[in-house]
Amino acid sequence: MASSSLRTVEEIFKDYNARRSALVRALTYDVDDFYSQCDPDKENLCLYGHPNEAWEVALPAEEVPSELPEPALGINFARDGMNKKDWLSLVAVHSDCWLLSVAFYFGARLNRTERKRLFSMMNDLPTIFEVVTGQKPVKDKPTVESGSKSRNSTKRSIDGQPRSNPKLAE
């Protein structure tokens, strides 16, 4: 589907979901293939998720400005300098950001209510980061007060990741 033909919330969400599925597959089921394609000796590489649910590690688009927002550039350079899980988590976070930017690029002509509905539909799915790290999405609290209390009750390590509870591990 050409980018110019994405008009409705449903069409944009379908595109988002297909690209998301491709990226999740690259970072989970196809992780060994993905990892090998991200050779640090190559040029600046990007991870693309396509609307046909295919993923690709490739150079960024030549045209400036590109037709779509570009994913994070140079994902391959940090690969060997980081723990594999941490590197995959970093690529996942950047992939989440890219998916949102593409969806809202397509949604530029949506009105406020439609954008809100699109974001709500996207937000009902776990992020790529949550899938890759195995984190469960936290359900929303009914009030702002309880939300702020729950935020303070989660102990976080220096890197911002929730600490595992040793009692649960047993």
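**Contacts, core and cavity**

Leaving out residues up to four places away in sequence, L110 touches R7, V9, I12, R115 and L118, where a contact means heavy atoms within 4.5 Å. This is a predicted model, in which local features need pLDDT of at least 70 and side-chain atom pairs count only at pLDDT 80 or more, while totals for chains, interfaces and linings use all residues. Residues are numbered from 1 along each chain as its sequence is written, and side-chain values use heavy atoms, with hydrogens and water left out.

L110 counts as buried because its relative accessible area is 6%, the cut-offs being under 20% for buried, over 50% for exposed and in between for partly exposed (1.4 Å probe, protein chains only).

Now for the whole chain. The protein chain has seven helices and two strands, which run α-α-β-β-α-α-α-α-α from the N terminus on. Of its 170 residues, 31% count as buried. Take the contacts between residues at least 6 apart in sequence: 67% of them join residues at least 24 apart.

The two strands come next. β1 (residues 46–49) and β2 (residues 55–58) pair in the antiparallel sense over four bridges, with at least two DSSP bridges needed for strands to count as paired. G49 stands opposite W55 in β2. Five residues lie between the strands of this hairpin, and there E53 takes a positive phi near 70 degrees. Within β1, C46 and Y48 point one way, L47 and G49 point the other way, and all are buried.

L47 turns up again in the nonpolar core. The largest such core has 36 residues, and L27, F34 and L47 have the most contacts inside it. Two or more residues each come from α1 (9–27), α2 (31–37), β1, β2, α3, α4 and α5 (128–133). Core members are buried Ala, Val, Leu, Ile, Met, Phe, Trp, Tyr and Cys residues joined through side-chain atoms within 4.5 Å. Neighbours within four places aside, F34 is in contact with A26, L27, L47, W55, V57, I75, W87, L88 and V91.

V31 is found in helix α2, and V31 is buried because its relative accessible area is 15%. With neighbours within four places set aside, V31 is in contact with R25, A26, K84 and L88. V31 and L88 are 57 residues apart along the chain, while their C-alpha atoms are separated by 8.8 Å.

N76 belongs to the loop between β2 and α3 and counts as buried because its relative accessibility is 0%. Beyond four places in sequence, N76 touches C38, D39, P40, K42, E43, N44 and L45.

Finally, which residues line the largest cavity? L47, P71, A72, I75, V91, H94, S95 and W98 do, taking a cavity as a set of points on a 1 Å grid over the protein atoms alone where a 1.4 Å probe fits but cannot get out, and lining residues as those with an atom within 4 Å of a point. α3 gives the most to this lining, with four residues.

Note on methods
1 Å grid on protein atoms, 1.4 Å probe; cavity = no way out; pocket = protein on both sides within 12 Å on 5 of 7 lines; lining within 4 Å.
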